[in-house]
Amino acid sequence: MDESFSVAGTTKFPSGEPNNEWTIEELLHWSLDQYHNKAMEQTSQNIASLQSQCEKECEDVMTLHSMAVDMANKGSSNDGGGGGNSREEENLNPQSENSDDAGTTDTIAAKSTTTVAAAGIKPASSTIEILVTVGPHTSSKYLLRPKPGTPCLVGRSKGKKFVKNGLSLHKDQEISTTHGKFVVEGGDGAVVAGGAGPKFYFIDVGSTNGSVYNGVQLEPNDRLLLVDGMELKVGNSVLKIMLG
């Protein structure tokens with residue numbers, strides 16, 4: 001053998017493609033070298049793929065963590081040092097200890113109801129109904145009840161918050177683990193002047209593939225006001241929004 005030989009480990013074999021002048025030992029070592037190179041290339045590709053997937057999952061986890069912190073902060077603000085609990089008790093038991101006051105309250109409530117009915121004002125929407133019209137979950141329906149400080153989450157996750165009062169679109173691989181959320185503003189759905197009530201919004205929380213409305217991709221963390229009958233695209237799924 002001459003100096004044109006290449007080295008694979010500690011074994012030498014001729015450079016170039018095998019020919020009739022090669023020995024069996026040289027041919028075997030050349031074959032092993034080819035297999036080794038292909039194996040290393042495939043390993044590098046697998047490592048790169050796993051790193052990309054890990055980065056994506058880490059991003060989703062950090063997004064979910066940020067949402068949890070935000071929700072906790074809002075919950076603390078709404079509590080107001082215990083005032084929230086007193087308000088709930090007051091709403092659950094609105095009757096006065098004085099029977100005369102209770103009768104007066106009932107009379108006022110009855111008059112208010114009559115006035116609303118006469119004006120043709122309907123109670124404000126308090127739920128969001130979602131119908132999946134396109135995607136792996138086509139024909140699936142979801143009824144959401146977002147509350148102030150408690151949004152309804154949308155994503156590929158099968159977690160309790162997504163399944164119980166959110167959208168768990170786990171079959172759509174283009175949707176992030178935590179893709180977005182539906183939020184409400186305006187309180188508990190009480191009727192107000194002019195028939196106005198709480199407003200619902202969708203927020204993309206920084207998903208990998210984004211969300212689209214009317215052909216335009218939403219900016220992360222921007223609010224999109226929901227309108228009855230509108231359609232929203234998340235991943236490979238199209239969601240029809242119905243306010244009820």
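Visitor: In what order do the six strands of the open sheet stand, and is the pairing parallel or antiparallel?
Guide: The order is 4-3-13-12-9-10, and the pairing is antiparallel. This is a predicted model.

Visitor: What makes strand 4 and strand 10 edge strands?
Guide: Strand 4 (141–144) and strand 10 (216–217) each have a single partner strand, so one side of each is left without a neighbour in the sheet.

Visitor: How do you know that strand 3 and strand 13 pair?
Guide: Count the bridges. Pairing needs at least two bridges between the strands. Six bridges join strand 3 (residues 128–134) to strand 13 (residues 237–243), so the two count as paired. They run antiparallel. Ile128 stands opposite Leu243 in strand 13.

Visitor: How many helices and strands does the chain hold?
Guide: Four helices and 13 strands.

Visitor: How many aromatic pairs does the structure hold?
Guide: Three. In one of them, the rings of Phe13 and Trp22 have centres 6.3 Å apart and planes at 45°.

Visitor: Why is the pair of Phe13 and Trp22 called tilted?
Guide: Start with distance: the centres must lie within 6.5 Å, and here they are 6.3 Å apart. Then the angle: under 30 degrees is stacked, over 60 is edge-to-face, and the rest is tilted. The planes stand at 45°, so the pair is tilted.

Visitor: Why do Phe13 and Trp22 count as buried?
Guide: Buried means under 20% relative accessible area. Phe13 has 4%. Trp22 has 12%. Both values fall under the cut-off, so both residues are buried.

Visitor: Which residues do ring pairs link into a cluster?
Guide: Phe13, Trp22 and Trp30.

Visitor: What makes Phe182 and Phe202 a ring pair, and of which kind?
Guide: Their centres are 5.2 Å apart, within the 6.5 Å limit. Their planes stand at 55°, so this pair is tilted. The pair links distant parts of the chain. Phe182 lies in strand 7 (residues 180–185) and Phe202 in strand 8 (residues 199–204), 20 residues apart.

Visitor: Are Phe182 and Phe202 buried or exposed?
Guide: Buried. Phe182 has 0% relative accessibility, and Phe202 also has 0%. The cut-off is under 20%.

Visitor: How many salt bridges does a search of the whole structure find?
Guide: Two.

Visitor: Why is the contact of Arg156 with Glu57 called a salt bridge?
Guide: The nitrogen must be within 4 Å of a carboxyl oxygen. For Arg156 and Glu57 the N to O value is 3.4 Å, so the pair qualifies. The partners are 99 residues apart. Arg156 sits in the loop between strand 5 (152–155) and helix 4 (160–165), and Glu57 in helix 1 (residues 24–79).

Visitor: What sits over the ring of Tyr201?
Guide: The charged end of Arg223, 4.2 Å from the ring centre. The distance limit is 6 Å.

Methods
Residues numbered from 1 in each chain as written. Predicted model: local features only at pLDDT ≥ 70, side-chain atom pairs only at ≥ 80, totals over all residues. Heavy atoms only, no water. Helix = DSSP H or I, 4+ residues; strand = E, 2+ residues; numbered from the N terminus. Phe/Tyr/Trp six-rings, centres within 6.5 Å; stacked < 30°, edge-to-face > 60°. Buried < 20%, exposed > 50% of the residue type's maximum accessible area, 1.4 Å probe, protein only. Lys NZ or Arg CZ within 6 Å of the ring centre and 35° of its normal. Salt bridge = Lys/Arg side-chain N within 4 Å of Asp/Glu carboxyl O.
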